[in-house]
Amino acid sequence: MPHFQVEVCIALAAAGLGSGGLLFFNRPREGKIQLPVDAVIETLANDTLEHDPFDVTTPEDVVDGFPIDGDAFWAEMRWRKVLLTFLLVIILALDTISLGWSFVNDERTEIVINSIRTVFSLYLVTLAALSVSESTTERHSVYIYHLTALTTLATILLGSTAILPDSPPVKASFRLTASLLGAWYTTFTLYTITCILYFTTQRGPRLHYPADKVYSEKTIKAAVNHEEENVSGIVGASIFEILLFSYTTKVVRLGNIATSLETGDLPIVPGDMRATFNYSKMKRGMRDIRLRIGNWKPQPGNGWSMGWRLLRLNIKAISLMILLAAIAAVLFYTPALFLERLVRHLEVDTERKDMGWGWVYVVGLFASNAITYLVTGQLWSMSTTTIQVRLKIQLNSILFAKTLVRKDVASSASTLTSNADAGDKGGESVKEENDDFSSKAQVMTLMTTDVDRVSEFAWHLFSLVGAFNPD
């Protein structure tokens, strides 16, 4: 018989409040959804007030891609979200019936429990109903994230209380009455179904991006993969595909089929991972972001200033990585805990009279291992393929731009010198110019090596976070 319902309701209420708070503080500020292209256009307009020869970023550079059969995809998603809303309405109806039954029996604890569950299911129905009309990847993904997280939490909590036996070592202070068990198990089943459906819901349609805007003509001619869907599948992948990296299957199959794999055969990366976008972002950071603590500020060119700019530009990704590192550090010891409890249970219950807690420890051992591997995989992906790559692009692009400027100045100076000192000094001027260019190339090589070392800090950072976890 399920128990620990008070604790489950407290956890669901806290999750619902957290979800509502995130949606409120991250709501669109202008009364309409501002597309990423609009933000880039606004930024480019501000940047062009002062001409910059290296300002090569265009509004299209931030677009992930252009939908392939977008109308058909959103029509299918609309029917899918209507079905999910209907399932959540059934859950709301069952919770409301349970609440009314509690009032009839005058069970105060059950009234509180069913009231919280009814409010929680009402919140889920509201989110699901609002998501039906969304037909943009950004807003659609936000609702999918929240609904998946909340239904998954409800499924895990209700499922955990369903398998817990009545015997020690843990005793519940309150258990539901037998008259509500049917509604409770039906609710749990429906939560499981909606959780699976939300996990496998695509976040966006297939995308196409013009290859000539990313690759050179030579690279395009050398490519053998000319499929219309040429943007990385992570943009519209479902949460299930993201957790298992299923969107990389296309690349793996391409490697098995193609005789040679060229750069143009690989999927085009999303807009926030492209060099032009990250260079423009870094350039604005160099201009606008300043480190200042009280009256103290570092000297220009100090490493602390550059580190602060990189932190500010990548704060969301770094914060997510730190959170995942903290969770992974705790989960690392969870399988050992369940294994130790399972062995102790087998040693104490030699006649196998109480199998309930044995199955609990087995399920906990499997689930903790599975979740640990999923979290660790996302942690490594976030640190190496996201943060590390962005740091390399941002630092290398701004470094290369500065090197080109210095070369241009040096070239102009050398030309003036050669014109003024024509005659016997001409050969010496050309030699000095070549030496100047050679030294700049060497500096660029050395600085690129330093950039690689700085970017490696991304996958050392989560080790530092895990080191604070006590053994």
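Trainee: Let's start with F245: is this residue buried, partly exposed or exposed?

Mentor: Keep in mind that we are looking at a predicted model. F245 has a relative accessible area of 25%, so it counts as partly exposed. Buried would need a value under 20%.

Trainee: Okay, and where does F245 sit?

Mentor: Look in the loop between α8 (239-244) and α9 (249-257).

Trainee: What about the phi of F245?

Mentor: The general idea goes like this: most residues other than glycine have a negative phi. Now the case here: phi of F245 is near 55 degrees, a positive value in a residue other than glycine. D69 also has a positive phi, near 55 degrees, and is likewise not a glycine.

Trainee: Where is D69 found, then?

Mentor: In the loop between β1 (66-67) and α3. As for accessibility, D69 has a relative accessible area of 54%, and is therefore exposed, the cut-off being over 50%.

Trainee: Got it. Which residues make the nonpolar surface patch?

Mentor: L83, F86 and I90 make it, with an area of about 270 Å². Take I90 from that group: this residue lies in helix α3, which covers residues 70-105. I90 has 30% relative accessibility, so it counts as partly exposed.

Trainee: Now a buried case, please. Why does T151 count as buried?

Mentor: Because its relative accessible area is 0%. You'll find T151 in helix α5, residues 137-163.

Trainee: Which residues is T151 in contact with, leaving aside its neighbours within four places in sequence?

Mentor: There you get L124, Y191, T194, C195 and Y198. For polar atoms, look within the chain at L147: its backbone oxygen lies 2.7 Å from a polar atom of the T151 side chain.

Trainee: C195 is on that contact list. How many disulfides does the model have?

Mentor: General idea before the count: a disulfide is a covalent bond between the sulfur atoms of two cysteines. Going by sulfur pairs within 2.5 Å, the count here comes to 0 disulfides.

Trainee: And C195 itself, buried or exposed?

Mentor: C195 is buried, because its relative accessible area is 9%. C9 is another buried cysteine, with a relative accessible area of 2%.

Note on methods
Residues are numbered from 1 along each chain as its sequence is written. This is a predicted model: local features need pLDDT of at least 70, side-chain atom pairs count only at pLDDT 80 or more; totals for chains, interfaces and linings use all residues. Side-chain values use heavy atoms; hydrogens and water are left out. Helices (H or I, at least four residues) and strands (E, at least two) are DSSP runs, numbered from the N terminus. Buried means under 20% relative accessible area, exposed over 50%, partly exposed in between (1.4 Å probe, protein chains only). A polar contact is a pair of N or O atoms within 3.5 Å; within protein, one must be able to donate a hydrogen and the other to accept it, and residues adjacent in sequence count only if both atoms are side-chain atoms. Contact means heavy atoms within 4.5 Å. Patches are made of residues with over 30% relative accessible area and no salt bridge: like charges are joined within 9 Å, nonpolar side chains (Val, Leu, Ile, Met, Phe, Trp, Tyr) within 5 Å. Accessible areas come from the Shrake-Rupley method with a 1.4 Å probe; for residues, only the protein chains shown count as cover. A salt bridge is a side-chain nitrogen of Lys or Arg within 4 Å of a carboxyl oxygen of Asp or Glu.
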